[in-house]
Structure formats: C-alpha cells, structure tokens
Amino acid sequence: GSRAGEYAVHVRQENALASGVTAGAGKALPIKGSPFLVTIRAAKLDPYCTRADGKGVTRTEAAVTAYFTVYGRDRFNNPSQGRDLQVLIDPNNRIPVDLEILDAGDGDYKITYTAPHSSGLVRISVACDG
C-alpha cells in the first residue's frame, strides 16, 4: 500500500537512442537533477478506515470521566492529519455531557467526556470534514 512521507524519486529515460541521445544508447539514463524529493500527503479521511477504540465508546459509569480514541485514516490507512473532527454525545434527554477533543497531530484524536449523572444509553457520533 501507499504511505505518506518523503521519498526520493529516481527518474530515468528508458530509450535514450529513440530520443536522439547517442551516449549510452539502449540504456536507461538518469535525468538531470534526479533523484527528486517528493512529499506524499495522506488522502482524504475514509470513514471505512477510520475507527474509534477505547472503553468509553461502549461502556462507562454514571458521572465518571470516560476516554476513547478516534484513529483518523485515509483509504491507504495513512494517518489523516489536520482534519476537522466533530464528536457529539447525545445524553438522551439527560443533562449534557462535558466533552473535550485533543488532536494529537498524528491523525489520532483523544476524546474525554463525563458521562451523565444517571444511567442509560447515550449516542456517540463522530464526523470529520463535515
């Protein structure tokens, strides 16, 4: 698969004779200035490769601080950095929860929230880039 990062790309001319170059005819010749430094960036966030993990996603206790991590990834499973992440925790007709999102800067987001003071289900929604 593809990985984001910096790569040195070597560019060669395969058939030097066909383009009128006689020195090294029939050989692959490097192009002047090669290798070139190319930066590959992560693609757009892919919802099928992004996941949330941690105890706070599935279970916590009333009025207790819970945690989970959202791992933002592109279609090649590269960390997708610098994206706008929204997290909504719907307390289902109870007092809203306190929520904090910490962008680790590497495609991971640490989510901290305080559960409602009474037991019951909450709905956790995560959206990125709208």
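Reader: What makes β8 and strand β9 (residues 108-114) a pair?

Author: β8 and β9 are joined over 5 bridges in the antiparallel sense. Two strands pair if DSSP finds at least two bridges between them, and strands here are DSSP runs of E with at least two residues, helices being runs of H or I with at least four, all numbered from the N terminus. The 5 bridges therefore meet the rule of at least two. Within this pairing, Glu100 stands opposite Thr112 in β9.

The model is predicted: local features need pLDDT of at least 70, side-chain atom pairs count only at pLDDT 80 or more, and totals for chains, interfaces and linings use all residues. Residues are numbered from 1 along each chain as its sequence is written, and side-chain values use heavy atoms, without hydrogens and water.

Reader: What is the confidence in the protein?

Author: The mean pLDDT (the predictor's confidence in each residue, from 0 to 100) is 80, and 82% of the residues reach 70 or more. Strand β2 (residues 12-13) is lowest, at a mean of 70, while strand β6 (residues 65-71) is highest, at 94. Where pLDDT is low, the predicted coordinates should not be read in detail.

Reader: Why do β5 and β8 stand at the edges of the sheet?

Author: The open sheet has 4 strands in the order β5-β6-β9-β8, with antiparallel pairing. β5 (51-53) and β8 (99-103) each have a single partner strand, so one side of each is left without a neighbour in the sheet.

Reader: Why is the pair of Phe68 and Tyr113 called edge-to-face?

Author: Rings of Phe, Tyr and Trp (its six-membered ring) pair if their centres lie within 6.5 Å; planes under 30 degrees apart count as stacked, over 60 as edge-to-face and the rest as tilted. By this rule the count is 1 aromatic pair. The centres of Phe68 and Tyr113 are 6.2 Å apart and the planes stand at 65 degrees, so the pair is edge-to-face. Phe68 belongs to β6 and Tyr113 to β9, so the pair ties together parts 45 residues apart in sequence.

Reader: Are Phe68, Tyr113 and Asn93 buried or exposed?

Author: Buried means under 20% relative accessible area, exposed over 50%, and partly exposed in between (1.4 Å probe, protein chains only). Phe68 has 3% and is therefore buried. Tyr113, also at 3%, counts as buried. Asn93 is at 78%, so Asn93 counts as exposed. Asn93 is placed in the loop between β7 (85-90) and β8.
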